[in-house]
Amino acid sequence: MPEATPVDVADERRAAPGPHSPPPEAVGPLMRGIAVLREAGDAGGRVPLSDLVRSTGLARSTVDRIAATFARMGYVRVDGHWLTLAPRLMELGNAYLAALRLPALLGPLAERLADELDESVSLAVPDGDGIRFVHQSTRRRTMSLTFRIGDLLPAERTAPGPLFATDWDERDWTRWRARRAADPEGRSFPAAPPRADDVPDLAGRVAGEGRQGVGIDDQLIEPGLVAIAVPVRAPDGTIACALSAVSHTSRHSATSLRKALLPRVRKAAGEMERVLREPPPPAAGGPSAAGLADWTSATKQELGAGFVESLARGLTVVTAFGEDRPELTLSAVAEATGLARATARRALITLEHLGHVTSAGRTFRLTPRVLALGYPSLSRTTLAEIATPHLAALVQRVHDSASLAVLVGDDIQYTARVSTTRIMSVNISLGTRFPAYAASMGRVLLADRPPAHRLPATELKPLTPRTTTDPAQLAALLDQVAEQGHALVDEELEEGLRSLAVPVRDRTGRAVAALNVAMHSSRRTVEECLTDLLPELRTTAAAIEADLHIAGRFTRIPT
């Protein structure tokens, strides 16, 4: 069977009944599933199933089957009548960002520029007649001026827009004019507040700002926000992305922003262009989709009609792309996913029809539109939000309260917690702090430090008669915790309280948090904690880490 080429797809489009109709070989369940993901993302990542029925026009039974399929894939959680996007869904957007390479290559330079300017810095790429953000380096202020990775904004109301529009042909301008006429307020761009008045003519801005190589957003997105952008060009001279700095009118006017920041932004863009001219670094070998085809078949056999196999397999095609696989032929997609060529071909045809894949010659690549599949609403996910569903599942299994804490100085601070229902239970509220040396989660986190820096600077005070207060003894305990990978504290923090903790590690292997189960000492013996609870804790920590590693690949996860 010959490879699928752009001609194949174009021929099938021409054979379709109408200009916007899907080609005959399009996978209907994949199209319907993507529609559900987009609607859920536009709704903020959490939406009643009944709302999805109304917004997509699908039957309730179809929405339920799609939701069940996504839930089994780990892409959503279904709680009663609600659907919530889950961090694992970000692997779709990660596939695009890894294949794009720009966040990995240019992100460190953007971070450095943000530090130098003390302003938020973004990288954006064109997406149709809009722009989509692919990297954010933010400043922590009370008034935050940041967009989310994956947010789509109308070109005419942004600083990068006039830069990208310099490359538009007449077909692009016709499409833009049609969209403006049909949607003058920009309501099809959920990330931007609707606005129809006082938007400067884009063609005029292209002739001015675009030709000068600098774009200005003077409160076009929303009042008070100003931004400046310059192009970052690929070695072939095309615009690879736009580099922008964002501020507020309390700090800069559009004029002062251009005067104060433009030279440094242009210098940073030049450095980025030099990086893009260098040979690509060795690929890190991102996650592979191989084996997922077998998994979808086995899951279909297990769940039957409740699992939409063609939907799962279609999205598997997206994850075939990555850092070392920015462009793939049909054969390469089939090999990477384990799918039959015919199955992979139909998925690629469908994804191209929806705008998530583009093709040139015999190769295919992902487009920025992949980020529309829930990435913006998930890109601000916190560690506590990632952990809480897993804590709830752990509590259901062990029937004791579970918590997540981070190290703040020499204390631990509780950031997530799920309580069990008991007459006598451990009652701790979020934000509570305890001395790290006397808590199981604290010892796990202290043990992750280099040996010379493990002991806290604070005095080791006895909180109960059993609290370890001898520095040498505590150091030996922390060595043991580091070796074993868990800490059990028995009535050292509070009499009658026994707790067991394990670390939660980020992509670099650093313990960014600790997970524990706490109970009254009469509930379980020390031996029962180790035999019964420790495997459950480690399973839960691994599940949290899996989500954390996906969510944190191109975003910063607040802890």
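In this predicted model, strand β16, residues 487-490, is joined to β17 by 4 bridges, and the two strands run antiparallel. Within this pairing, Leu488 stands opposite Leu500 of β17. The two strands form a hairpin with 6 residues between them, and Glu491 in the turn has a positive phi of about 60°.

Strand β17 itself spans residues 497-505 and is mostly covered, with 8 of its 9 residues buried. β17 is also joined to strand β18, residues 511-520, by 9 bridges, and this pair likewise runs antiparallel. Arg505 has Ala511 in β18 as its bridge partner.

A separate part of the description concerns an open sheet of 3 strands, ordered β1-β3-β2 and paired in the antiparallel sense. Strands of a sheet pair through backbone hydrogen bonds, in either a parallel or an antiparallel arrangement.

Between β1 and strand β3, residues 82-85, the antiparallel pairing extends over 3 bridges. Here Pro48 has Trp82 in β3 as its bridge partner. Helix α2, residues 28-42, lies across β1 and β3 and runs at about 85° to β3.

Note on methods:
Residues are numbered from 1 along each chain as its sequence is written. This is a predicted model: local features need pLDDT of at least 70, side-chain atom pairs count only at pLDDT 80 or more; totals for chains, interfaces and linings use all residues. Side-chain values use heavy atoms; hydrogens and water are left out. Buried means under 20% relative accessible area, exposed over 50%, partly exposed in between (1.4 Å probe, protein chains only). Two strands pair if DSSP finds at least two bridges between them. Contact means heavy atoms within 4.5 Å. Axes are lines fitted to C-alpha atoms, for helices over the stretch in contact, and angles run from 0 to 180 degrees between N-to-C directions.
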